[in-house]
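Colleague: I am new to this structure. Could you take me through the main points, beginning with a single residue?

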Amino acid sequence: MEHLKIETTLEVYNTISELSQDIQNLMSEAIEARNNAYAPYSNFNVGAAILLDNNKVVIGNNQENAAYPSGLCAERTAIYYAGAKYPKAKILKMALTASSQNQITDKPIPPCGACRQTIAEYEMKQEQPIEIYFMGAQGKVVKSNSLANLLPLLFESSVL
Ligand code: THU
């Protein structure tokens, strides 16, 4: 038996203003998307903004449904739209923000497991890491240089 030790290093910024102007702009787009989320059941709004290598920004937000599992997270709404609209473009960066309508969300909210697996697919497809920035409604911002940092032991197509 041997131990497998998995380590991840993320960058944590105290406020969005510590990040570059292009990330602040991308996060502003994510915030606007978050404000337009359709989340009448959870009252938890999530917004995502994706910067592509063709300089386009694609946004997404969570879209809920009375049949709960039919809803979709913000990250997947955005990344599937990017894949549908710009299939050849590479994804450079993703900005994510989440806000509860019931309490102040002041800690960074990472993407859920299913969204991590989804983002991983695109990172492998484009053979280039995707920078991910995530925050709550205010406060600290976490930066991951690659999706792989957030999902060790991810499931990948080479095993199929
Ligand atoms: N949600 C997202 O949009 N992204 C995540 O990574 C986690 C959760 C949404 C799904 C649902 O509409 C609400 O947040 C509460 O789970």
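Modeller: Asn61 counts as buried, with 8% relative accessibility; buried means under 20% relative accessible area, exposed over 50% and partly exposed in between, using a 1.4 Å probe and protein chains only. This is a predicted model, in which local features need pLDDT of at least 70, side-chain atom pairs count only at pLDDT 80 or more, and totals for chains, interfaces and linings use all residues. Residues are numbered from 1 along each chain as its sequence is written, and side-chain values use heavy atoms, with hydrogens and water left out.

Colleague: Where does Asn61 lie?

Modeller: Asn61 is part of strand β3. Strands (E, at least two residues) and helices (H or I, at least four) are DSSP runs, numbered from the N terminus.

Colleague: Which side chain is joined to that of Asn61 by a polar contact?

Modeller: The side chain of Gln63, at 2.6 Å. A polar contact is a pair of N or O atoms within 3.5 Å; within protein, one must be able to donate a hydrogen and the other to accept it, and residues adjacent in sequence count only if both atoms are side-chain atoms.

Colleague: What does Asn62 touch?

Modeller: Leaving out residues up to four places away in sequence, the residues in contact with Asn62 include Ala37, Tyr38, Phe44 and Cys73, where contact means heavy atoms within 4.5 Å. The backbone oxygen of Phe44 is 2.7 Å from a polar atom of the Asn62 side chain.

Colleague: How many residues apart along the chain are Asn62 and Thr77?

Modeller: They are 15 residues apart, and their C-alpha atoms are separated by 7.0 Å.

Colleague: Now the whole protein. How many helices and strands are there?

Modeller: There are 3 helices and 6 strands, in the order β-α-β-β-α-β-α-β-β along the sequence.

Colleague: What is the radius of gyration of the protein?

Modeller: The protein has 16 Å, which agrees with a compact globule of 160 residues, because such a globule would have a value near 15 Å. The radius is taken over C-alpha atoms, and the globule rule is 2.2 Å times the number of residues to the power 0.38.

Colleague: And what share of the residues is buried?

Modeller: Of the 160 residues, 39% count as buried.
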